[in-house]
Amino acid sequence: MKIRILAKLAFAAALCYSLTGCQPTFQCGSWVFTGTPTGNAFPLNDTFTFDPSNCGQSCAGSQDVMIQMTWVYDETTHTNLYASDQPQGARSTPNGWSIDRVDGAAHGYYGLQNNGTFYSGWNTPGGPGTPTTLIDEPGGWPANTYFYAVDVAVCYDSRTCNNKILGYYFWSYILNSSDVGQKFITAPAWKDLDSEFQAALTAWNNWAPTSGTEYDGTGTFSHAIAFPAMSDL
Amino acid sequence: MKNRRILSTALLLLIAAAGCARRQSNPPLTDDQNKAKGTMDAQMQAAAQTASDYHAMDNAALLSKLLEQSQAQTEYFNSPAYRELKTRTNVDATALVAQVKANNNAGGLLPLLLLRQLDNQAYQGVPAEMRGHILTDALANAKYFNSWGLPDFYLEDAAHATIEAGKAATPALKRLLADTRPAPVFGSQEAMISNQYKYRVCDYALFFLKVIGGQENFRLPESPEERDALIKQAAR
């Protein structure tokens, strides 16, 4: 009888987890997004506060930071736009998403400089109950551009819960036909985007060993640094 | 026995419900999320279609598009024609050289950079003065400077080509030392750096002159005042 019960329990669990939509939430905390377009720029702060108890974890003493991926589209020419040559090809996913870092940055973490410190103008690290904030100000994009981003909070360099993904947030803005920015949609990210994020990590990691020298003014690497494997907490 | 069966069934339902409670905490997409997702899905299809359309074009049609996009000051990495031509091995360098010579100004930038990418020997065959003129004219007329990159951070193809043009570009670059027009770069972190440093055309000119002059590791100071002092010296 015990074996039969166990079998039934296992079957129920497997069935439940295999059903579409019967998924973990991937949001172990809360997001606060603030920002208003000014001209063709969009100064913004995206803050995540990690609440491990929400996910049945403690992650004591862990540190969390942000990774951002972007997708930019020109409605006039129906093509993806990039700010530089680097993200194209191997560094982008087949759909055109790429990890958002300026050329010269060896690390894919949004605020991590080559000297190993986080630049507070881009990302202040957080921890359980302490917010991590991503600071961005995309700007200069031409008229009729759609700018999309997904911010992902992850544990970084932590004793516990290291390399665990804590949550995903989507934000976007549009440049209208007069090249004036308008907020589009900001919301928790949806299911497909977590797979796209994994693809963006893979693309970065495939490209990193071939990147050539990366210098950002704070340090030099002979090539970009690959991400570790990451998974939802 | 019957009680055990009831118990096991109840347990099974409880486990299933507990598992699916997580599903319920992941609610259906909101109208906003659906709107964003729908818009992006349609745009991804359109972008793929554009790439496919360009892939189907022959070289002559692509070269014509390339020139069009060059004259519209599209960055080389954002030009669909450049993206497609870069992948081809059968582009006629002679046709490209002819296009460069017929467009010996800012409008010839993309054909010149494509030639440099595809056939360096043919590229070196274009007189350095002509290359220098196209590159500096493009610099003088650019609205955004993404094709050159951000001095002190990273350089793009147009910057490398300008440095390669060497002394042939020097007279025009010296003239540009007087051009204090803002030289912004669009992007995300790129735009933030650009806003912080507030580079001007004269700063790019100074940077290229210093590197061409042999200071390979030259760095532009962050302060415009310090840059102005260097510009004054370089203009003498």
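This is a predicted model: local features need pLDDT of at least 70, side-chain atom pairs count only at pLDDT 80 or more; totals for chains, interfaces and linings use all residues.

**Entry 1: the largest cavity.** I began inside, and the largest cavity came out at about 150 Å³ in volume. My search of the whole structure gave three cavities of 30 Å³ or more.

Which residues are the closest to the centre of the largest cavity? I found A:T70, A:A83, A:P87, A:S98 and A:D100, out of 19 residues that line it. I then sorted the lining by element: β3 (64–74) and β5 (98–99) of chain A are the ones that give two or more residues. The largest share, three residues, comes from β3(A). By class, I noted nine nonpolar, six polar and four charged residues in this lining.

**Entry 2: chain A as a whole.** Chain A has 14 strands and two helices. Its length is 233 residues, and 55% of them count as buried. I also looked at contacts with a separation of 6 or more: in chain A, 63% of them join residues 24 or more positions apart.

**Entry 3: chain B as a whole.** Chain B has two strands and 13 helices. Of its 236 residues, 50% are buried. For contacts with a separation of 6 or more in chain B, residues 24 or more positions apart account for 69%. Chain B exposes about 11500 Å², and carbon and sulfur atoms make up 53% of that.

**Entry 4: one helix in chain B.** I picked helix α12, residues 201–212 of chain B, and checked its length. Why do I say that its span agrees with expectation? Twelve residues at 1.5 Å a residue should span 16 Å, and the end C-alpha atoms are 17 Å apart, so the two values agree.

Is α12(B) mostly covered or mostly uncovered? I found it mostly covered, with twelve of its twelve residues buried. The buried residues include B:D203 and B:K210, along with B:F207, B:F208 and B:L209.

What covers these buried residues? My list for α12(B) includes the helices α8 (128–141), α9 (157–165), α10 (170–176) and α13 (224–235) of chain B. The strands β1 (149–150) and β2 (154–155) of chain B are also among the cover.

Last, I looked past the end of the helix. B:G214 follows α12(B), and its phi is positive, near 110 degrees.

Technical notes
Residues are numbered from 1 along each chain as its sequence is written. Chains are lettered from A and ligands numbered from 1 in the order in which they are written. Side-chain values use heavy atoms; hydrogens and water are left out. Helices (H or I, at least four residues) and strands (E, at least two) are DSSP runs, numbered from the N terminus. Buried means under 20% relative accessible area, exposed over 50%, partly exposed in between (1.4 Å probe, protein chains only). Contact means heavy atoms within 4.5 Å. On a 1 Å grid over the protein atoms alone, a cavity is a set of points where a 1.4 Å probe fits but cannot get out, and a pocket is an open set with protein on both sides within 12 Å along at least five of seven lines; lining residues have an atom within 4 Å of a point. Grid points are joined across faces, edges and corners, and a volume is the space filled by probe spheres set on the points. Ala, Val, Leu, Ile, Met, Phe, Trp, Tyr, Cys and Pro count as nonpolar, Asp, Glu, Lys and Arg as charged, and the others, Gly among them, as polar. The expected span of a helix is 1.5 Å times one less than its number of residues. Accessible areas come from the Shrake-Rupley method with a 1.4 Å probe; for residues, only the protein chains shown count as cover.
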